[in-house]
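Please keep the sequence and the 3D view open while reading.

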Protein chains: 2
Amino acid sequence: MQDLAQTINRHELFRAEELGSVVKIEAALIEGARQYFKQNNFTEVVVPHITAATGACENVNTLFGVDYFGKRGWLAQTGQLYLESLVPKLDRVFCIGPSFRAEAEADNRHLTEFPLLEMELQCNLDQLIKHIEGVFMSMLTNALKREQALSTLGTDISRLKSIKSPFKRVTYTQAVKDINSHGWDVKWGDDLKAIHEKTLCELYGNKPFFITHYPRAIKFFNMRTNAQDSKIVNSTDFILPYSGEAVGAAEREHEYEILYEKLESSAMLQQLKKLGGSIEDFKWYLDCLRENGSVPHAGCGIGLNRITQFVLGTQDIRGCTGFPLNSATLY
Amino acid sequence: MQDLAQTINRHELFRAEELGSVVKIEAALIEGARQYFKQNNFTEVVVPHITAATGACENVNTLFGVDYFGKRGWLAQTGQLYLESLVPKLDRVFCIGPSFRAEAEADNRHLTEFPLLEMELQCNLDQLIKHIEGVFMSMLTNALKREQALSTLGTDISRLKSIKSPFKRVTYTQAVKDINSHGWDVKWGDDLKAIHEKTLCELYGNKPFFITHYPRAIKFFNMRTNAQDSKIVNSTDFILPYSGEAVGAAEREHEYEILYEKLESSAMLQQLKKLGGSIEDFKWYLDCLRENGSVPHAGCGIGLNRITQFVLGTQDIRGCTGFPLNSATLY
């Protein structure tokens with residue numbers, strides 16, 4: 001059996017017991033998430049994957065471009081804004097589909113395409129965190145039903161069975177203090193790197209945990225500003241052993257004037273302008289909010305392969321799916 | 001309430017009861033298909049959507065190209081070959097995801113992106129047809145649970161309740177005779193157009209039906225040649241009132257030498273060569289078959305929006321989903 005991380009001549013693995021087991025675990029995780037969504041009255045939404053800039057995450061520089069009948073289209077990184085536009089009507093909505101990232105690194109951490117599980121609903125950050133815990137535990141519980149596949153992959157099942165929600169929550173500010181008291185020198189306002197998340201994970205007992213209330217400047221433009229402290233947003237990242245950040249989540253700004261101002265002053269829009277874009281690329285989304293209004297809501301995106309990494313206990317994301325796609329590979 | 005087919009300023013519909021109902025019906029149809037797959041032990045597979053030519057359907061001219069780190073990639077039209085490569089190991093597999101078509105027409109029949117539900121498994125054409133009937137009836141049954149949404153959309157529920165499988169099967173050869181006896185002049189070997197399917201549909205009592213055993217020359221290269229008549233393949237299209245062809249299905253060629261010859265002489269490869277491609281673009285797929293071998297199997301692709309069209313009884317595919325994407329639209 002070759003290494004499951006092999007991407008060149010991937011077909012050599014297609015008859016391997018191990019690859020079949022990975023596919024089964026991945027399927028069980030997706031199914032577990034859907035079971036939670038169904039039990040909690042979420043409606044699935046079919047969202048577009050060739051999009052205007054409204055399909056982009058904060059890092060506009062990792063968008064794949066598509067010539068769309070002479071217009072510039074992008075391959076979607078997120079369905080968030082499409083889901084959000086239906087929350088006033090449908091409340092709890094979700095989508096599961098490919099997220100595309102033009103990441104040039106072909107290593108154990110980067111894929112250019114992966115399934116993102118996204119939900120949006122009328123709730124606040126505290127309620128959202130409970131839903132994230134609910135989805136995660138449902139995924140884990142369903143994967144644990146695939147004991148034979150887990151055994152084939154040498155997974156430590158007792159480690160998985162010991163995982164129980166609710167999980168620890170720590171603010172970004174506290175997390176920075178904790179990291180720095182263990183030898184790092186992170187400035188308040190810096191984004192946390194994988195190595196910092198790893199340090200925190202060890203510090204907090206190698207269990208999943210939430211970091212909340214990140215600095216506004218480093219997060220997606222429509223995250224809702226905290227009412228008490230305008231430097232931070234009501235956001236959270238869910239951090240897992242082995243994989244690091246597996247979920248990004250936040251309350252969303254839902255008032256037109258605030259949102260317009262935030263978009264206009266965002267780092268994302270400045271990046272987009274360098275690529276020839278403008279605020280006009282957000283026209284439908286801004287029009288939708290201005291004309292229809294919205295309601296308080298929150299949501300998140302769950303990176304499937306990061307969950308699989310945690311379940312399998314592996315440092316290499318390429319071994320977590322049947323057809324891992326990165327810049328060195330094209331099937 | 002504006003027309004649900006409106007794509008310009010789509011956001012004007014996002015709070016409409018009707019649009020919410022369409023999204024709910026679409027969700028119910030997908031869920032119904034998944035229930036069938038689960039009950040029948042299919043494993044879901046995550047397939048890539050940026051692909052080599054192995055992600056293309058027979059009509060290579062409707063591929064969207066992507067600059068993939070200096071290599072040419074395409075947006076997938078089908079996950080068929082990826083599923084097929086896992087059939088020897090996993091037997092029953094399926095995927096549900098976006099299929100991209102660079103169709104320039106922005107009308108009531110064309111979308112540039114739509115969900116395709118695909119299955120592959122070890123079986124023959126007769127067994128496959130029974131699975132298609134099973135998936136279809138499960139989708140329909142689940143949509144019928146959304147009576148309020150159907151009523152909001154003015155759907156004739158009694159029409160849907162009268163639909164029972166199994167459905168009529170007619171060979172392509174017989175279908176051509178039947179069409180021509182009603183005033184058309186279709187030559188054996190021509191592809192059937194939407195208007196021909198419509199004529200047949202009326203002739204056969206406005207119920208779903210299967211056309212089987214199409215001419216080899218007009219179908220995807222890896223469809224299996226019929227043992228008694230080498231001019232036809234063991235294929236079927238599933239035709240629905242309102243939408244026409246909703247499913248394309250076939251036994252797959254599984255022997256390397258036969259498949260290589262078929263690919264080499266296919267119209268698809270000639271088209272691909274005009275775009276600068278070559279048989280090398282199928283390398284992983286051919287290597288996989290040559291090195292691993294395969295087993296007799298068959299599969300299909302179900303166009304979700306065509307099923308929704310049938311359920312809602314509408315001629316306009318743009319009214320069958322929340323975010324209909326065509327060449328005139330980009331959200």
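## A residue at the end of a helix

A:Asp91 counts as partly exposed, because it has 16 C-beta neighbours inside 10 Å. The model is a predicted one, and the values given here are computed from it. A:Asp91 sits in the loop between helix H2 (80-90) and strand S5 (93-100) of chain A. Its phi is near 60°, which is a positive value in a residue other than glycine. This positive phi comes just after H2(A).

The buried residues are A:Gln80, A:Leu81, A:Tyr82, A:Leu83, A:Glu84, A:Ser85, A:Leu86, A:Val87 and A:Leu90.

## Other backbone features in loops

In chain B, B:Phe69 also has a positive phi without being glycine; the angle is near 55°. The loop that holds B:Phe69 runs between strand S3 (65-68) and strand S4 (71-75) of chain B. B:Phe69 counts as partly exposed, because it has 17 C-beta neighbours inside 10 Å.

Which peptide bond of chain A is cis? It is the bond from A:Ser165 to A:Pro166, with omega near 0°. A:Pro166 belongs to the loop between helix H5 (157-161) and strand S7 (168-171) of chain A. In chain B, a cis peptide bond joins B:Ser165 and B:Pro166, where omega is about 0°. B:Pro166 lies in the loop between helix H5 (157-161) and strand S7 (168-171) of chain B.

## A buried loop residue

Is A:Phe220 buried or exposed? With 21 C-beta neighbours inside 10 Å, A:Phe220 counts as buried, and its place is in the loop between strand S8 (209-212) and strand S9 (235-240) of chain A. Leaving aside neighbours within four places in sequence, A:Phe220 is in contact with A:Cys57 and A:Glu58. A:Phe220 and A:Ala249 are 29 residues apart in sequence, and their C-alpha atoms are 10.0 Å apart in space.

## The two sides of a helix

Helix H7 of chain B covers residues 194-203, and its buried residues are B:His196, B:Glu197, B:Thr199 and B:Leu200. These four are on the same side of H7(B), because they cover an arc of only 160° around the axis. The face turned away from that buried side carries the exposed residues B:Ala194, B:Ile195 and B:Glu202.

What covers the buried residues of H7(B)? The cover includes helix H6 (172-180), strand S9 (235-240) and strand S10 (244-252) of chain B. After H7(B) comes B:Gly205, with a positive phi near 85°.

## Chain A as a whole

Chain A has 11 helices and 11 strands. Its radius of gyration is 20 Å, close to the 20 Å that the globule rule gives for 331 residues, so chain A is as compact as a globular protein of that length. The C-alpha trace of chain A spans about 55 × 50 × 40 Å along its principal axes.

Buried residues make up 54% of the 331 residues in chain A. Among the contacts in chain A with a separation of 6 or more, 70% are between residues 24 or more positions apart.

## The nonpolar core

In soluble globular proteins, nonpolar side chains tend to be buried together. The largest nonpolar core here has 208 residues, of which A:Leu29 and B:Leu29 touch the most other members. Not counting residues up to four places away in sequence, A:Leu29 touches A:Met139, A:Asn142, A:Ala143, A:Leu304, A:Ile307, A:Thr308 and A:Val311.

## How the two chains meet

How many residues of chain A are in contact with chain B? There are 51, and they meet 51 residues of chain B. On the side of chain A that touches chain B, 28 residues are nonpolar, 14 polar and 9 charged.

Chain A is superposed on chain B by a rotation of 180° with 0.0 Å of shift along its axis, at an RMSD of 0.0 Å. This is the relation of a two-fold axis. In chain A, the C-alpha nearest the axis belongs to A:Val66, 3.0 Å from it. Both copies use the same surface, as 100% of the contact residues of chain A recur in chain B.

Terms used: Residues are numbered from 1 along each chain as its sequence is written. Chains are lettered from A and ligands numbered from 1 in the order in which they are written. This is a predicted model: local features need pLDDT of at least 70, side-chain atom pairs count only at pLDDT 80 or more; totals for chains, interfaces and linings use all residues. A residue is buried if 20 or more other C-beta atoms lie within 10 Å of its own, exposed if 12 or fewer, and partly exposed in between; C-beta atoms are placed from the backbone. The arc is that of the directions from the helix axis to the C-beta atoms. Two residues are in contact if their C-beta atoms, placed from the backbone, lie within 7 Å. A nonpolar core is a set of buried Ala, Val, Leu, Ile, Met, Phe, Trp, Tyr and Cys residues joined through C-beta atoms within 7 Å. Ala, Val, Leu, Ile, Met, Phe, Trp, Tyr, Cys and Pro count as nonpolar, Asp, Glu, Lys and Arg as charged, and the others, Gly among them, as polar. Copies are superposed by least squares on the C-alpha atoms of residues with pLDDT of at least 70 in both. The radius of gyration is taken over C-alpha atoms; the globule rule is 2.2 Å times the number of residues to the power 0.38.
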